[in-house]
Amino acid sequence: MRLIIVGGLKGQIIAAARIAIAHGASVTHTESLDQTLAVLRAKGADLLMIDVAQPIAKYVAALEAERIRTPIVACGTSTDARAAVAAIQAGAREYVPLPPDPELIAAVLEAVAADQSSLIWRDPAMERVVQLAAQIARSDAPVLVTGESGTGKEVIARHLHQKSLRKDKPFVAVNCAAIPDNLLESELFGHEKGAFTGAVARRIGKFEEASGGTLLLDEISEMDVRLQAKLLRALQERMIDRVGGTQPVRVDLRIIATSNRNLGDAVREGSFREDLFYRLNVVHLRLPALRERPADILALADHFTKKYAEINGLPLRPLASDARKLLLTNSWRGNVRELENTIHRAVLLAQGPEIGTEAVMTPEGETLGPASGRDPAARAAQTAEAVTRSLVGHTVADVERELILDTLDHCLGNRTHAAKILGISIRTLRNKLSEYGAAGIAVAEPGQARVSAA
């Protein structure tokens, strides 16, 4: 793990650094925002620990401006409660009191180093995938991971990295669908100072940041065809060109790509290069949907129950037998992600010694059951039939806009999930949302529904 410690409380910062080093972290100490950004541009980092005396909000804004997604942990004297609150409000993930407690520092490092979620499986369908992953983990062969949204593609990618010979080197993930086309090249390959408007300094890209380790290209099917050609060259030559650069840079990494679309179909449609497809598809891991591996449902539910009880400081309540039966009857069209969100809500809503069916609710607050557990497509058709008459008198553009925005609300702002439901590419969805935003129309942000102007 790469850790940058920023600021001021010298002796205590040094003590924190020593604890971090003892737990295997590589530590760099900086004194200012400019120094910190220079290190991040040159080497990247997994975590920033910043003295609360520093302008935390400026650090957060600077990282956002340069699309650097390194989490920030504030640290300061234990009596400085107002500074701690201000740091969290400014964007810090956590607050660590100083002088440093070794167990607390270790816990923070462990939380950052841990996978986004654990690889949990019991079902034979998933067992076959895990066994294949174990067979090829120690090679450098590119891997293509496919599956529906929410099945855990990034989880299996991190599992591959942890089982590989590169496990002590960086694991870097980039979501190709979340970054506009005109910025994705710089995000991947880096840029030189002055290469374009806003390029105020040289910055390494994800390829260089991941050199020696593993680079995950998430939702690669959404990458523009022109950039696919440059990616193919980088994979073949193991060389990249920074935007605005004059000299190629050699890189050494393993590529894992994911897609929730059928890349074979994308090749036939002309939206994905055939040569790049075959370059990536050396080993193909297809993750089954959660409904195809029912034995995993309760194992994952128990895992999430424990996880969210600990995170929220709540007592660990087991799932009641009727709640467990209810989980097994649901179709889980949102896969593991939907199950995780359902259990999270249940942990928060449970009142008694166990988590009963009354706490297992949909996002709309309905109890998961025969009525609410019906096929969502059938319920959507019934609703559509009821409102068809109200569409008369509206333009096609009006109807399309409301359908897109309502679907995004239903998905709590999740662009990938909404695009899949709508049957359009995420790029098309993103362009539509940009148009609506420019017109002053409220658009749901990830993790939340729209806020009405009224």
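This is a predicted model: local features need pLDDT of at least 70, side-chain atom pairs count only at pLDDT 80 or more; totals for chains, interfaces and linings use all residues.
Local features are reported at pLDDT of at least 70 and side-chain atom pairs at pLDDT 80 or more, whereas totals for chains, interfaces and linings use all residues. Residues are numbered from 1 along each chain as its sequence is written, and side-chain values use heavy atoms, without hydrogens and water.

Leaving aside residues up to four places away in sequence, Leu-217 touches Val-174, Cys-176, Leu-188, Leu-231, Ile-255, Ile-256, Ala-257 and Thr-258, contact being heavy atoms within 4.5 Å.

Helix 6 (residues 124-136) has 13 residues, which at 1.5 Å a residue should span 18 Å; its end C-alpha atoms are 19 Å apart, in agreement. The expected span is 1.5 Å times one less than the number of residues. Ala-125, Met-126, Val-129, Val-130, Ala-133 and Ile-136 of helix 6 are buried (under 20% relative accessible area, with exposed over 50% and partly exposed in between; 1.4 Å probe, protein chains only). These residues lie on the same side of helix 6, because they cover an arc of only 135° around the axis, taken from the directions from the helix axis to the C-beta atoms. They pack against strand 6 (143-146), helix 7 (153-162), strand 11, strand 12 (283-286) and helix 13 (295-311). On the other side, Pro-124, Arg-128, Ala-134 and Gln-135 are exposed. At the N-terminal end, Asp-123 caps helix 6, with a side-chain oxygen 2.9 Å from the backbone nitrogen of Ala-125.

Most residues other than glycine have a negative phi. Glu-219, in the loop between strand 8 and helix 10, has a positive phi of about 55° and counts as buried at 7% relative accessibility. Arg-238, in the loop between helix 10 and strand 9 (239-240), also has a positive phi, near 55°, but counts as partly exposed at 32% relative accessibility.

Definitions and conventions. Helices (H or I, at least four residues) and strands (E, at least two) are DSSP runs, numbered from the N terminus. A polar contact is a pair of N or O atoms within 3.5 Å; within protein, one must be able to donate a hydrogen and the other to accept it, and residues adjacent in sequence count only if both atoms are side-chain atoms.
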